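Open the model in your viewer and keep the selection tool at hand. We will go from stop to stop, and at each one you will find something to select and something to look for.

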Amino acid sequence: MTIYYSEDHEWLSVEGEIATLGITKHAADQLGEVVFIEQKEAGDEFAQGDEIGVIESVKAASEIYAPVDGEVVEVNEELADNPGALNESPEGDAWIYKIKLSDASQLDGLMDLAAYNDMIG
Amino acid sequence: MTDTPKRTPLYDLHVELGGKMVDFAGWEMPVQYPMGIMGEHKQCREKAALFDVSHMGQVILRGNDIGAKLEKLCPQVFSTLPEGKARYGFFTNAQGGIMDDLIVSNAGEYFFVVVNAALRHQDIPHMAAHLDGVEVTEIFDRALVAVQGPSAEDVVGRLCPAARDLKFMETMLGEIDGVDCRISRLGYTGEDGYEISIPEGEAIRISRLFLAHEDCEPAGLGARDSLRLEAGLCLYGNDIDNGTSPIEASLLWAIQKRRREEGGFPGAERILKEISKGASRKLVGIKPEGRAPARQHVEIQNLDGDTIGEITSGGFGPTVGAPVAMGYVASAHAAPGGKVNLIIRGKVQPAEIVALPFVAQNYKR
């Protein structure tokens, strides 16, 4: 299992061709208290850069952008009823999707933890 | 307007308390503290919260018949405003729109006016130009601090006992730990509370005395916005502006009887006509049925899919525990209980027209 990070503050935990996707703790802290999440459905396909969801905090709405091409294979349904989990455990229980990667070579364009930490300073 | 945001006398305290500073109307203001918007909001509803509102314009008017002269600019009665009383009002334009809303207090020797931060550059010249023989002076050397919530009376009253006896919309000069302050029992959260004008050099020290009360915590602009929205209070620039009339904005309550009968204020033609015949659109409360917040500019449709209006303020209401919004709809659709659809990111979300406020106002009358 390898964890990758995107410039849009997502993490992607990859095992084989399946990746679990969520937002980083840094992103969750910046958003403030999350009150709503709009998610795609299992089976939805998307390309890198596509909007694949929206997170609403008490402050504002923020889009989730796909860090890679792929297909949603599982949605974390718990988040609809408990969006606040995104603040409590953004890099754990509050994962957003499990996705099937279309092109694993796109992972090379993402960051590792050290590079991500450098980016957020 | 300068490019560098200005700092209020409380800036250093905000930073010390961990305030997340943002540029708001040209001022560097805390949007929230470490407690977070949700917690700060509930703090204000349940105990007490301290807000820095020093960015608002504080103006002193001196001269004769100030109240009567203000009536030429506003559809309120100010000529008989008793000493020690404050009143909500607004400047109207010739088309009957709202130029700004404001609080006018009769301080006895002078009138004390508080206007929105972003509009001081309009309002002060406007008053100077039209209030003949009145000296219009903006005060730059005083902070304005709001202490709001059910514990506010104790937070302020234990330092200034006379403040306990003030009623809603009353104002007094009071001494807080040796400092002369103007203490007014009002605010914009829907809760009981005070706004206190404090000499700038003492503002942090006096604010710390308020915050030393176990029930009082600092709160930022984020909580201020969700509190006023739940209380059904209009935000200038969102819910009211130069194009919206007070009747459309459901502010008829703020136009006193004599002015409704006599007119004599800018835009009276339109406003009096709307009082007698109704306005074509109305500001209403809107309660989304789902969990998605409906924010400013979201389209409102009737159940047939016709556009009937737009959200002007919206978000999550922490006390309501669900999204809340305000917006204008065609008057035919303004009755509470009506079902509408909101178009949020292209998706249809059902909602209901509701009476304002979402949370009952808790003033000490």
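Start where the two chains meet: 13 residues of chain B are in contact with 10 residues of chain A, where contact means that the C-beta atoms of two residues, placed from the backbone, lie within 7 Å. Helices (H or I, at least four residues) and strands (E, at least two) are DSSP runs, numbered from the N terminus. Colour that side of chain B by class and you will find 5 nonpolar, 5 polar and 3 charged residues. Here Ala, Val, Leu, Ile, Met, Phe, Trp, Tyr, Cys and Pro count as nonpolar, Asp, Glu, Lys and Arg as charged, and the others, Gly among them, as polar.

A word on what you are looking at: this is a predicted model, in which local features need pLDDT of at least 70 and side-chain atom pairs count only at pLDDT 80 or more, while totals for chains, interfaces and linings use all residues. Residues are numbered from 1 along each chain as its sequence is written, and chains are lettered from A and ligands numbered from 1 in the order in which they are written.

Next, select residues 37-46 and 221-230 of chain B, which are helices H2 and H7. At what angle do their axes cross? The answer is roughly 55 degrees, and the axes come within 8 Å; they are lines fitted to C-alpha atoms, for helices over the stretch in contact, with angles running from 0 to 180 degrees between N-to-C directions. That angle makes H2(B) oblique to H7(B), because angles under 35 degrees count as roughly parallel, over 145 as roughly antiparallel, 65 to 115 as roughly perpendicular and the rest as oblique.

Show the side chains at this crossing. H2(B) brings Ile37(B), Glu40(B), His41(B) and Cys44(B), and H7(B) brings Gly222(B), Ala223(B), Ser226(B) and Leu227(B). By class, that contact has 4 nonpolar, 3 polar and 1 charged residues.

Stay on H2(B). How many of its 10 residues are buried? It is 7, so the helix is mostly covered: a residue is buried if 20 or more other C-beta atoms lie within 10 Å of its own, exposed if 12 or fewer, and partly exposed in between, with C-beta atoms placed from the backbone. Among the buried ones are Met38(B), Gln43(B) and Arg45(B).

Now select Val113(B), in strand S7 (residues 111-115) of chain B. Val113(B) counts as buried, with 24 C-beta neighbours inside 10 Å. Leaving aside neighbours within four places in sequence, Val113(B) is in contact with Val59(B), Leu61(B), Leu102(B) and Val104(B).

Zoom out to the whole of chain B, with its 9 helices and 19 strands. Its C-alpha trace spans about 65 × 50 × 40 Å along the principal axes, and 51% of its 365 residues are buried.

Finish on chain A, which has 4 helices and 9 strands. Follow them from the N terminus in the order β-β-β-α-β-β-β-β-β-α-α-β-α. The C-alpha atoms of chain A fill a box of roughly 35 × 35 × 20 Å, taken along the principal axes, and buried residues make up 38% of its 121 residues.
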